[in-house]
Amino acid sequence: MARKQKDYLADLLADEDGEEAQAPSPAPAAAEVAPPSQPTERQQRARSTTLLGRESALARVATGEVRQVTQLLLDPARVRVWPGNARSYKHLTEESCRELIDSIVAEGGQKVPAVVRRVEGDPAHDYEVIAGTRRHWSISWLRSHSYPDMKFVAQVADLDDEAAFRLADLENRARKDVSDLERARNYAAALKAHYGNNLTRMAERLKLSKGWLSKMLKVARIPDTVIEAFASPAEVQLKPAYPLAQALDDKERATAIKRAAGAIAKEQAALRKSGEPALPSSEVIARLLAAGQEKAKPEQLVLDGAHGRPAVTVQSSNRQGVTLRLHAGHGLSNEDLLNRLRDALYQLEEEGRGLQR
């Protein structure tokens, strides 16, 4: 049954965990769900207060784009997940969805509908999830674990890709379990796909700070070889990861950072295998940032005397001056020894380590 756009937007981003028990139960019919019974005046006031901010935000996004909304009971196997969403479906687990799974079981079904849109040309799927990836995963898990008749409750919306992206992004902003790295890479893909690589236009459409969005896009460029040093991609958060992304702009440092990341990734694998806690992200970032910062000490400059024995060694060269060692038994005359000293000073100047006058 078609529902008003305002009703759809008000329900859309209700918290999966906090409000799962408050929404009306879906009817057992296999086709369209009948409209829920009218809530009391008190319930209406409470619900309006809870959803006011989200309803306003979504109304701005979807005005003129969401033309019809239909709520259905679906087989999740016939519903694919839209790849434009930031949440990584493959990283969802029973543990990460445990609270939602328990809520669905306790309430006898999914109460907050997901948002889907119809797909064409895919014989294996009829719809794709725009918002509600965790709900889709949880219902799929329940169907394979003693609840084969559990249905995926969804509202069908007519959205183009850019509107779908903004809708999914609004929902993900309220989800703590969507990592900064997931969002950053989602923004990077959307910048090219929906906004023609125009950062200003994208920031305006998403109502985001251009500077903040620029930092997210930079973090998105951190290569997987470096991400593997962390216990999980979810450990990569914007504020601490941004200096790392900046450091990777230096080609010499980038090589050292990638080498260090490989070593740390092996340490993490060993810790997982032994059942020990993983290295925290703060330590991983500190070690990665330190890579390539160590200044290699220049080799000591040694000038030989007679018979191949050392005559002059430059022990140090810095702002305070040059320290030379004259070796005994060098077999040179004083004049030849002075020539060796001159040679040492000339060579230091060529290397940029000469005496500062």
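Residues are numbered from 1 along each chain as its sequence is written, and side-chain values use heavy atoms, leaving out hydrogens and water. Because the model is predicted, local features need pLDDT of at least 70 and side-chain atom pairs count only at pLDDT 80 or more, while totals for chains, interfaces and linings use all residues.

**Aromatic rings**

Let's start with the rings. How many aromatic pairs does a search of the whole structure find? It finds three. Rings of Phe, Tyr and Trp (for Trp, its six-membered ring) pair if their centres lie within 6.5 Å; planes under 30 degrees apart count as stacked, over 60 as edge-to-face and the rest as tilted.

| Pair | Centre to centre | Angle between planes | Type |
|---|---|---|---|
| Phe-165 and Tyr-187 | 6.1 Å | 80° | edge-to-face |
| Phe-165 and Tyr-195 | 6.3 Å | 65° | edge-to-face |

Both pairs link distant parts of the chain. Phe-165 belongs to helix H5 (residues 161–173), and Tyr-187 belongs to helix H6 (residues 180–195), 22 residues apart. Tyr-195 is also in H6, 30 residues from Phe-165. Helices (H or I, at least four residues) are DSSP runs, numbered from the N terminus.

Phe-165, at 1%, is buried, and so are Tyr-187 at 0% and Tyr-195 at 2%. Together with Trp-212, Phe-165, Tyr-187 and Tyr-195 make up one aromatic cluster.

**Helix H3**

Now for helix H3 (residues 98–106), where Leu-100, Ile-101, Ser-103 and Ile-104 are buried. Looking down the H3 axis, the buried residues fall within an arc of 165°, so they line one face of the helix. That arc is taken from the directions from the helix axis to the C-beta atoms. Glu-99 and Ala-106, on the other side of H3, are exposed.

What do the buried residues of H3 pack against? They pack against helix H4 (133–143), where contact means heavy atoms within 4.5 Å. Just after H3, Gly-108 takes a positive phi of about 75°.

Methods. Helices (H or I, at least four residues) and strands (E, at least two) are DSSP runs, numbered from the N terminus. Buried means under 20% relative accessible area, exposed over 50%, partly exposed in between (1.4 Å probe, protein chains only).
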